[in-house]
Structures are given as structure tokens and as C-alpha cells.
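Welcome, and thanks for taking a look at this one. Please have the sequence and the model open side by side as you read.

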Amino acid sequence: MSLTGTAAHLVTLAEATEHGGNHESLNPYLIGGGALFGLLLLLWITTRFNRDR
């Protein structure tokens, strides 16, 4: 594949998904908050098991 062909393919792909592509029921703040909570929970669990430091 040439660089020009790849760029043309990516432009076509971007034009097809210009309406966002997100499902209407997904709330980005809820998903981000859940991910943050999950990561903080994993950090807390890790620090509880690593008491020697």
C-alpha cells in the first residue's frame, strides 16, 4: 500500500463515522468516573498488599 492510498482510505473511513459513533445511552462522564473508580480501587488494593514499603 502506498502512502497516498492509505491516506485516501483513512479519509473515507473518517467520513463514514462523522456522526460520532457513540451509542446514545453511553454517558462519557459515567464511563470515565467508573474507570477512575476502578483504577483507584486497584491502586488501593495494591498498596494494601505492599506494606513493606
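Here is a short briefing, grouped by topic. The model is predicted. The chain contains two helices and zero strands, and buried residues account for 0% of its 53 residues.

**Overall surface**
- A nonpolar patch lies on the surface, formed by Phe37, Leu39, Leu41, Leu42, Trp44, Ile45 and Phe49.
- Together, the residues of this patch have about 820 Å² of accessible area.

**Helix H2 and Leu41**
- Helix H2 covers residues 28–49.
- The 22 residues of H2 should span 32 Å at 1.5 Å a residue, and this agrees with its end C-alpha atoms, which are 32 Å apart.
- Leu41, one of the patch residues, sits in helix H2.
- Is Leu41 buried or partly exposed? Its relative accessible area is 39%, so Leu41 counts as partly exposed, given that the class lies between the 20% cut-off for buried and the 50% cut-off for exposed.

**Asn27 and the start of H2**
- Asn27 belongs to the loop that lies between helix H1 (3–16) and H2.
- Which end of H2 does Asn27 cap? Asn27 caps the N-terminal end, with a side-chain oxygen 3.2 Å from the backbone nitrogen of Tyr29.
- Asn27 has a relative accessibility of 37%, so this residue is partly exposed.

Key: Residues numbered from 1 in each chain as written. Predicted model: local features only at pLDDT ≥ 70, side-chain atom pairs only at ≥ 80, totals over all residues. Heavy atoms only, no water. Patch = residues over 30% accessible without salt bridge, like charges linked within 9 Å, V, L, I, M, F, W, Y side chains within 5 Å. Areas by Shrake-Rupley, 256 points an atom, 1.4 Å probe, with all protein chains shown as cover. Salt bridge = Lys/Arg side-chain N within 4 Å of Asp/Glu carboxyl O. Helix = DSSP H or I, 4+ residues; strand = E, 2+ residues; numbered from the N terminus. Buried < 20%, exposed > 50% of the residue type's maximum accessible area, 1.4 Å probe, protein only. Expected span 1.5 Å × (residues − 1). Polar contact = N/O pair within 3.5 Å; in protein donor to acceptor, adjacent residues only side chain to side chain.
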